[in-house]
Amino acid sequence: MDVNKNLNDIAEIKELMNKSSRFISLSGLSGVFAGIFALAGAVLVFFRFMEFFSSRISADLYNFELLKGEELKDFITFSIIIGIAVFISAVLTGLFFTLRKAKRNNQKIWDLSVKKLLINLFIPLITGGVFIFALLYHGIIYLIAPTTLVFYGLALINASKFTFRDVRFLGISEVILGLISMFFVGYGIFFWALGFGVLHIIYGISMYIKYDRK
Amino acid sequence: MSIIEGLNKNFESNVRLGIMSILVVNESVDFKTLKEMLNVSDGNLASHIKSLEKVNYIIVEKKFIGKKTNTSYIATLQGKQAFKNHIEAIENFLKSNNK
């Protein structure tokens with residue numbers, strides 16, 4: 001019995017197990033660009049409401065005024081529009097890089113693992129969406145940014161079983177960040193930029209180096 | 001006796017080992033997917049599936065999707081255990097060679 005043949009067999013078995021149950025065409029660049037769009041969105045919101053955010057930075061942690069009335073309405077509408085724009089750009093570029101990677105590696109884009117990945121991603125994501133809608137409905141605006149981070153993180157953790165393990169750690173980081181930001185009301189935009197922007201870029205680059213660059 | 005103790009005769013073929021590798025990590029997998037993953041011909045795959053079926057390592061599940069039948073395969077507990085033992089045997093062999 002030769003050692004090399006057995007080593008080869010084990011490597012092949014591992015690859016088959018991974019390929020058949022995990023979606024490995026997910027490109028690290030998708031994460032990087034999602035992060036860049038999120039940062040750009042956060043910057044836009046920040047500059048539009050700079051007065052509020054800069055007062056928030058200098059203010060006492062628990063003694064401050066949140067946005068009210070017309071200004072609050074304006075803030076909500078603007079943030080939702082930016083949020084949707086960021087989401088659509090991130091999904092489209094993500095799809096582009098992932099399709100490109102699948103094509104290069106001769107992998108099918110639509111298989112069982114993608115289906116499982118999406119179902120498991122969207123269960124917490126839709127739950128979070130409804131939860132956030134309820135917060136909006138009750139006027140609890142200041143918890144929306146932390147909530148998006150928490151549910152997005154849970155969605156990633158749930159979906160990570162069907163793609164790279166790194167996604168699981170990204171998810172855990174998002175949840176922790178979201179939970180911390182629940183206690184720092186009014187700083188949502190900064191946590192949001194950190195979670196959706198910086199974390200995506202860091203994990204995206206690390207995944208790109210690990211799995212894409214060959 | 002084989003040099004490696006515990007090796008399973010049923011997994012001598014790479015295709016059979018491949019089929020089991022895929023089935024232990026997936027609930028059920030259809031013929032077409034197995035064929036694409038393993039890059040083998042219909043006849044070749046079918047004969048290996050049959051032999052795995054014979055030793056009760058996998059079971060066949062026929063479903064109707066509309067009017068078409070869709071045949072999927074599921075690894076049995078016995079099959080999963082046999083696969084695990086086989087892998088462990090290879091690993092032990094590799095470890096003892098590393099000393």
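Buried area is the accessible area, taken with a 1.4 Å probe, that two parts lose on being put together, summed over both. In this predicted model, chain B and chain A bury about 1,700 Å² between them. Carbon and sulfur atoms account for 70% of that area. On the side of chain B, the residues that lose the most area to chain A are B:Asn26, B:Met37 and B:Leu94, which together make up 28% of what that side buries.

The contact draws 22 residues from chain B and 18 residues from chain A. Three helices of chain B, namely H1 (14-25), H2 (31-38) and H4 (77-98), each contribute at least two residues to the side that touches chain A. By residue class, this side of chain B consists of 14 nonpolar, 6 polar and 2 charged residues. Between chain B and chain A, 0 salt bridges were counted. The count of residue pairs in polar contact between the two chains, with both residues at pLDDT 80 or more, is 1.

The largest nonpolar core has 34 residues, of which A:Val45, A:Phe49, A:Phe53, A:Phe75 and A:Leu156 touch the most other members. Helices of chain A that give two or more residues to this core include H2 (28-48), H3 (50-58) and H4 (69-104). Also among them are H5, H6 (144-159), H7 (166-181) and H8 (188-212). Helix H8 of chain A supplies the largest share of the core, 7 residues.

A:Leu125 lies in helix H5 of chain A, which spans residues 112-137. The relative accessible area of A:Leu125 is 24%, so this residue is classed as partly exposed; the buried class requires a value under 20%. Apart from residues up to four places away in sequence, A:Leu125 touches A:Phe151, A:Tyr152 and A:Ala155. A:Leu92 stands 33 residues from A:Leu125 along the chain, and the C-alpha atoms of the two are separated by 18 Å.

Note on methods:
Residues numbered from 1 in each chain as written. Chains lettered and ligands numbered in written order. Predicted model: local features only at pLDDT ≥ 70, side-chain atom pairs only at ≥ 80, totals over all residues. Heavy atoms only, no water. Contact = heavy atoms within 4.5 Å. Salt bridge = Lys/Arg side-chain N within 4 Å of Asp/Glu carboxyl O. Polar contact = N/O pair within 3.5 Å; in protein donor to acceptor, adjacent residues only side chain to side chain. Helix = DSSP H or I, 4+ residues; strand = E, 2+ residues; numbered from the N terminus. Nonpolar A, V, L, I, M, F, W, Y, C, P; charged D, E, K, R; others polar. Buried < 20%, exposed > 50% of the residue type's maximum accessible area, 1.4 Å probe, protein only. Core = buried A, V, L, I, M, F, W, Y, C linked by side-chain atoms within 4.5 Å.
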